[in-house]
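User: I would like to learn how to read packed helices, salt bridges and surface patches in a model like this one. Could you take me through them one by one?

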Amino acid sequence: MIPKLTHQENIKKDYFAFLEALSRTDYSGDIEKSYASRLAVATDNSVYQCLPQGVLFPKSTQDIVEICQLAQQDEFADIRFSPRGGGTGTNGQSLSNDLVLDLSRYMNNILELNEKEGWVRVQTGVVKDQLNAYLRPYGLFFSPELSTSNRATIGGMVSCDASGQGSLVYGKTSDHVLALQSVLVDGALLNSAPIKGAELVELRGRDDSIGKIYRQILETCATKQQKISDAFPKLNRFLTGYDLKHVYDAETGTVDLTRILCGAEGSLAFITEAKLHIQKIPTYRTLFNVKYDSFQSALQHAPFLVNANALSVETIDSKVMNLAKLDIVWHSVSELIADVPGKCVDGLNIVEFVEEDAQIQAQKVAALAAKLDALIANQEDGVIGYQICDDLADINRIYGMRKKAVGLLGNTAGSAKPIAFVEDTCVPPENLAAYIIEFRQLLDEHNLHYGMFGHVDAGVLHVRPALDMCDPEQEKMMRNISDKVVALTAKYKGLMWGEHGKGFRSEYGPEFFGEELFTELRKIKAAFDPNNRVNPGKICTPLNSMESLVSVDALKRGTFDRQIPIKVRESFKESIDCNGNGLCFNYDTSSPMCPSVKVTKDRRHSPKGRAGLMREWLRQLANNDIDVLQLESNLYAGKNATVFKKFFNTVAKRKGEYDFSHEVMEAMQGCLACKACTSQCPIQVDVPTFRARFMHLYHNRYLRPLKDYFVAYVETYAPLMGKMPNFFNFFMKMKLTATLTEKFVGMVDIPLLSSPTLKSSVKQHDISEFDLQKLQVLSDAERESYVLVVQDPFTTYYDADVVRDLLLTIKKLGYKPLLLPFKPNGKPQHIKGFLSQFAKTAEDSAAFLNQMAQLNIPMLGTDPAMVLCYRDEYKHALGDKRGDFNVHLFQEWLLPRLGEAERPQSNEQFFLFGHCTEVTAEPTSSSDWAKIFKHYGATLTNVPVGCCGMAGTYGHDAGHLSDSKAIYSLSWEREIAKRDRSRCLATGYSCRSQVKRIEGQTLKHPVQALLSIL
Ligand SMILES: Cc1cc2nc3c(=O)[nH]c(=O)nc-3n(C[C@H](O)[C@H](O)[C@H](O)COP(=O)(O)OP(=O)(O)OC[C@H]3O[C@@H](n4cnc5c(N)ncnc54)[C@H](O)[C@@H]3O)c2cc1C
Ligand code: SF4
Ligand code: SF4
């Protein structure tokens, strides 16, 4: 049995007192002190780990003022803070052992748009893609780009001065910040924008922190003008944190404090609002995907492409491309970056042209195409092919792949994982090719694997060498390589941080700024934050402070992970491998990733949060000398704890006894087991798998609630109840039953059983009964006309019309459908972590289906989640014992069989609402359905939606009811409301039942629509 885990880093006394005092003020935001909440923000995409004392989620600027004012009291003089947005930093910028102030949960409103003057005012917790989705209908956009655009916040972008693709033309974030509102550590409100003349005189004369800041900036800029101009390289990605070059314009005498705050990595103030310059979305966009025989050829050819007046040139090496090919993302771009027959594509340049004038755009495109044709014909410059795309959706798909590439770099086999520490160096573009040769030599000397890509137009290189941070020797190697890359970058007159900021690399600051200017930075820090209380240790410390900068040698995640035995790490790689890139925080409600964090806005309820908790749980078990794998084997062998023990443990839990496992359980219970993370996460962090394993072990210590049995045994009681549906429905319809089920079982809105039953419908439609012996004696040719339909408990007993119509459709298509006897699938057991029982169910069902597979007749299932369980969960549970039976989804079976024979033609229009498990695991499912409908003349348009909120039985759990409905309202409600409901189709049983309970009317399965047009 797992032990009670009582270890948690306690909150320091003064911090605890501060948080208590804060709760008594007018502060209206959330205050989170739990170990789980603190762990959820203890990591970012870097190798570091810092546990904060607590997490604050302010709701307004006034809340932050409240925090700062309270912190002015003498007793709280040692309290320190670090601002946080999306937490996607690659170098620990937002990590802190103090208090984290997370602005992303509530301060994410777009406040004002002025189309005429071209600006928008936002709170800084707004996500970059959220802003652009808002601006799109106005034909406007916020141009600085970054790979993490679907989760990085404006506050993080401003503070790291983010930039990316297109930076030669669009510049960096700071080039588009018109004004900022910030709260200083003393609680003063700082409104910054370019100022000069009398206004500047007035501000610098003030007798407060704001006056002090202006005086310091003016003094530094007036006295160090030449030094600044010498130290800041003339690069597109200039030296960030703090931007002395742009804060003062000597010609006009203008001071713009926004420039100092941009790139300050939260070390000066809390930025609460930003006024941003926005511009018109270019009318014409064209992308060239130019293919090369090597990465070096692609790099060397980049300047030629830039000179062709391109907006941007992005280079990718074969390692990154090969990783993308293994990922779900490749399905969306494979036709746009097709292989070159007889050649190996080992490098790619993605070149974009934008224009307002169609004719000029066409000329640019034709000119480059002609040049590339000539190079290919003459076999020059390593160019082996190219493809052009000007469809916006295609362009977005290519950039989607490119954006995912950084994350994909983390997905490599083995214990050495590509890590961020030298991942965004920048050198003058003309030095890039030579610089990369030396960089590669350095990595090769250490026998390190790495993938490379970058914004070659700006001289920025993304490279993540693979290191095993659980190995102390490799941790030392990281420092060694880091120092050498600093020297190499300096040699090529570049910067160590061309894009992602410094964070724990702040110790290299003096090297790049020089001692004299670095002292000026410290003076500026002292003016803003004299006692080093805001993101301390990052960028610089205040002058006269004896405290040191954060360092590359700081405490790393590996220090914790290495406490988990290797075999456990390998077994739980689905959680250990999470590298914190934050893709699972995707703000987009039409994306399936991840409904629970979208609805709760609580990072504990994200794949990353759950993976982090799981790692800590495994670590604590290891430190308690628990062999978790042995415990699991014992459970499979039937060695359970006695009910007695579980009872006493459960009583203790009810009395409020602390066990870290309860915190982990809370996060796991919020998971819908929709499996979006399993395929969407670049590292394939698979929450449903480790969640089930956790629950299996947890419930060997604590009793299960009744509802777990209600769900897990649906496949036992539904077939029994399904024999007398009217009898049971009579009781189910009673209000009293609903009240009792909610009160005693904790389940709501239990669906009614199908009546008439599937069995009786089948009889009415002259569909033969399954007879194994008869099938066994059929010839091969005869078998070809048969199709076996595998039943699942949900469609068979609760949505029998769908199965009936599936059988009728198969018949109409000229085949002989047969209904296989019902066999439990086990998915409901898996969801609730009844893994010992699931293993038995899966073994039994697999044996049956393997036997059926011998008949060599295709087998089809109706519900995607149940069918996919045979493919994934069965493989996990049974390994080789699963056998090689195959249960297809209807569209997978029909698509290759669509012949050219005459067929009915319909011009009807339908809309497909895909099941999230299906669309993420089988990315072609929606387009496969569309092809089938097209074959019959009908149109089936895929509607991009996230999760419906039902996910099996999650939505029937009384404790999840409001979240379930809220998830539905994120995307389904809106999209269904836009359309004629009778034209909307859903493949998932859960989705149909969710629509039915919320809208009062169910949707059809696509098979039913097909039947109507056949
Ligand atoms: C896979 C991957 C790809 C990336 N690609 C790019 C890229 O293409 N271009 C690029 O520029 N970066 C890139 N980054 C780095 C990162 O996404 C950016 O730096 C981003 O701007 C950080 O935003 P965030 O909201 O996640 O900020 P966080 O990580 O939460 O914070 C970053 C810094 O900003 C400070 N901060 C945040 N909000 C505030 C605020 N309101 N007030 C004051 N300080 C604040 C924090 O204290 C911290 O120092 C990438 C990161 C990853 C993981
Ligand atoms: S779970 Fe996946 S997507 Fe989320 S942070 Fe971890 S690796 Fe990234
Ligand atoms: S299974 Fe779904 S709800 Fe659960 S963590 Fe993964 S994406 Fe989120």
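Analyst: Helix 12 and helix 17 are roughly antiparallel to each other, a term used for angles over 145 degrees, while those under 35 count as roughly parallel, 65 to 115 as roughly perpendicular and the rest as oblique. This is a predicted model, in which local features need pLDDT of at least 70 and side-chain atom pairs count only at pLDDT 80 or more, whereas totals for chains, interfaces and linings use all residues. Residues are numbered from 1 along each chain as its sequence is written, chains are lettered from A and ligands numbered from 1 in the order in which they are written, and side-chain values use heavy atoms, with hydrogens and water left out.

User: Which residues of helix 12 and helix 17 make the contact?

Analyst: Two packed helices are described by the angle between their axes and the distance between the axes. Here the axes of helix 12 (residues 295-306) and helix 17 (residues 432-445) come within 9 Å and cross at roughly 150°; axes are lines fitted to C-alpha atoms, for helices over the stretch in contact, and angles run from 0 to 180 degrees between N-to-C directions. Helices (H or I, at least four residues) and strands (E, at least two) are DSSP runs, numbered from the N terminus. The contact (heavy atoms within 4.5 Å) involves Phe 295, Gln 296, Leu 299 and Gln 300 of helix 12, together with Leu 432, Ala 433, Ile 436, Ile 437 and Arg 440 of helix 17.

User: How many salt bridges are there?

Analyst: A salt bridge is a side-chain nitrogen of Lys or Arg within 4 Å of a carboxyl oxygen of Asp or Glu, and by this rule the count comes to 60. One of them joins Glu 352 and Arg 285, at 2.7 Å from N to O. Because Glu 352 lies in strand 16 (residues 347-355) and Arg 285 in strand 14 (residues 284-292), this pair ties together parts that are 67 residues apart in sequence.

User: Is Glu 352 buried or exposed?

Analyst: Buried means under 20% relative accessible area, exposed over 50%, and partly exposed in between (1.4 Å probe, protein chains only). Glu 352, at 1%, is therefore buried, whereas Arg 285, at 21%, counts as partly exposed. In another salt bridge, between Arg 704 and Asp 708, both residues are buried.

User: Which residues are linked in a network of salt bridges?

Analyst: Asp 30, Glu 32, Arg 105, Asp 602, Arg 604 and Glu 666 are linked in this way.
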